[in-house]
Amino acid sequence: MIYQGKQKIWADYQKEIPDDHWFYVRSCIRQNFFPGAERMFLEICRNVLGKDFYETEHHTTCGGIAYHCDTIPQETVMTIVARQFALMTEAGYENYVASCITSFGNYLEILETWHEFPELETRIRELLWKACRREFKKPKYIAHASDLIYKYRNEIAEKAKFRLVNRRTGEPLKVVEHIGCHYSKMFPSKGVGGAEYPYVLCGMIESWGGSVIDYPERRHCCGYGFRQYHVKANRGYSISNTHKKFESMEPYHPDMIITNCPGCPYFMDRWQYVIAEMEGKTYGQNGYGIPVFTYEEVAGLVLGYDPWDLGLQLHQVAVEPLLDKMGIEYSPEDKYKGLNKKDLMRPELPGVLKCC
Amino acid sequence: MKDNIVIVGGGIAGMEAARQLLRMGLNPIIVEKSDHLGGHVARWHRLFPDMTPASELVGGLIEATGQANIFLNTEISFMNRLKDSYNIMLSNGVSVIAKVVLITTGFSVFDASKKEEYGYGVYDQVMTNSDLEQWFNNGNDSRIDGTEINAVGFVHCVGSRDEKARNSQCSKVCCITAVKQAIEMKQKFPDAAVYCFYMDLRMFGKKYEDFYISAQRDYGIRFIRGRVSEVSENIDGRVIVKAEDTLAGKPVKVTLDLLVLMSGMVCNRDCSSIAGMISLQTDSDGFFKSRDNISDIICSSREGIYYAGACTGPKTVPETLAEARSAALEIFSYINRA
């Protein structure tokens, strides 16, 4: 591997990311999968870094999943997105940041389509007006939320209480980074680092002390792939994709996986349990799995937030081995206690995959 | 006093034209920006389809052009049209009034690192056709030396016929060069599996088809019709190539010790600056535009300016030499007419 070769490519794919004043839109599925991630994003941006991030409860799904599953026409998705832009316009913002990778790709695709076919934009404006009497300006900048954490990565590193370093050995943790397909594969110039060797997560990992693993199936789909998972007959493809990735990364002995997509951490986390049940195989040390995180969760960990406040108890793969490596203290007794110490009840432990 | 004929570019086109012009009793001046004559061919080892040593051709041309005025390490600083000639200022400070300018600037090799998915410059065991040819010449390349070569792959059409790379043109020579290099690798590593990944094979030249059939029949080289989608690196440093076999109708994945990218021909980087000096036209592919692509390929739209070789588009060596001779004859006729 020639690291300088990657640096040369990264230098070609840097995009302008405004520092402040963003209209934030959540994902429609992330809060169910990893409920602490989006809250931590706003916590870091607003309260740790003092930035202006606005969100509204009137925001809805972008329609991306339905669009990619071919269940709604493109005009419908465009009108939904036009309404989101109207909410941004009404709130007085022009920088639009999406939590979801598919939404991010969806917004970029729609803006590019309108650029190529202005008559379609005119038609969507008419449809939006007929539907809800709203008008919109197009965002001046569109970013994915991971772009923002990438931009703030060094500020986060300065405030960090923990680093991605094995406290016992002093060695950098070996980190697999997985980028959601819709981040830059459609529009390489819109992603930090491009499509083939994206830098957005690598930059965070390097800044926070870890070392990045480049393994053969790095670019491969996590296994979610809407038409793989949402079409029930295709679910075998989903888990076989995930299995292929884990088999490929296994020889590198990763300590953790970081992702920037709603579906990727979920499937790479949950399918480890299924692979263990089906194949009797686990990929972490001593029968554990490889813990999978969102970048917001990792930012929260290095900043010293309580792992259980980050929602890490909802991961299938136990995170405790990673917390131990980083030297993060946690209370096992509090793992399944919610707000105000409410008992969340302990889940049943799997038969093969070791969990805490 | 003889009229000056400035030849811009000291590759095989420029030298062959100079050789012919000298034989006609004219006065060619070769301006070459690098420190040697012969252009790309001078760095090549053997030429298809007869495995002729490239050094024989280049050496012969250098010897034959010994009487010409040759400026190495020299570029055209500016050029402007006078009444019936051209005023040319060279980067070494010499000024030349030339009756005729023959442009033989050739081509540039496509920068394979632009095809990021193939990993050139990122993965250790990925090289280009030019790199491999240099290894054939000097036997010195860490990607091959000291590596156990059990499997080699060649990717055709790297940067050619590729809208994403903004090059729609076929580079003409890559198919047959890949066949040649695949055979040479098989000769050096007889036990190695050698694969060629191609879109289609354009075996248009004399003996090309025979050469291709020999590669399959006599050397067991495996031709897979399908484009490579991505290249990655294994934990042991070998490269993993994913492609689609469109004849078998299924994806293929092979692990290789060496991957060779057949970088195509793109217009010379100096093309637009030279064209700008005297308002020459360039084509949509960036190469110089001939007055007519059938009957006047060596003529420009301006009086006294001629082309030869790959400055107007990808050419084979025989085509380049033929154009150079044709241009010399046309120049001889033009000077006598004037």
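In this predicted model, Val176(A) stands opposite Ile257(A) in β7(A). Strand β5 (residues 174-178) of chain A and strand β7 (residues 256-259) of chain A pair in the parallel sense over four bridges; strands are DSSP runs of E with at least two residues, helices are runs of H or I with at least four, and both are numbered from the N terminus. Two strands pair if DSSP finds at least two bridges between them.

These strands belong to an open sheet of four, ordered β6-β5-β7-β8 (chain A), with parallel pairing. At its edges stand β6 (211-213) and β8 (292-294) of chain A, each with a single partner strand, so one side of each has no neighbour in the sheet. On average, neighbouring strands are turned by 40 degrees against each other, direction ignored. Helix α11 (residues 200-207) of chain A packs on the sheet and touches β5, β6 and β7 of chain A, contact requiring C-beta atoms, placed from the backbone, within 7 Å. The direction of α11 makes about 160 degrees with that of β5(A); axes are lines fitted to C-alpha atoms, for helices over the stretch in contact, and angles run from 0 to 180 degrees between N-to-C directions.

Elsewhere, helix α5 (residues 74-91) of chain A and helix α6 (residues 101-116) of chain A pack at about 105 degrees, with axes 11 Å apart. Val77(A), Met78(A) and Val81(A) of α5(A) meet Asn106(A), Tyr107(A) and Ile110(A) of α6(A) in this contact.

Residues are numbered from 1 along each chain as its sequence is written, and chains are lettered from A and ligands numbered from 1 in the order in which they are written. As the model is predicted, local features need pLDDT of at least 70 and side-chain atom pairs count only at pLDDT 80 or more, while totals for chains, interfaces and linings use all residues.

Definitions and conventions:
Two residues are in contact if their C-beta atoms, placed from the backbone, lie within 7 Å.
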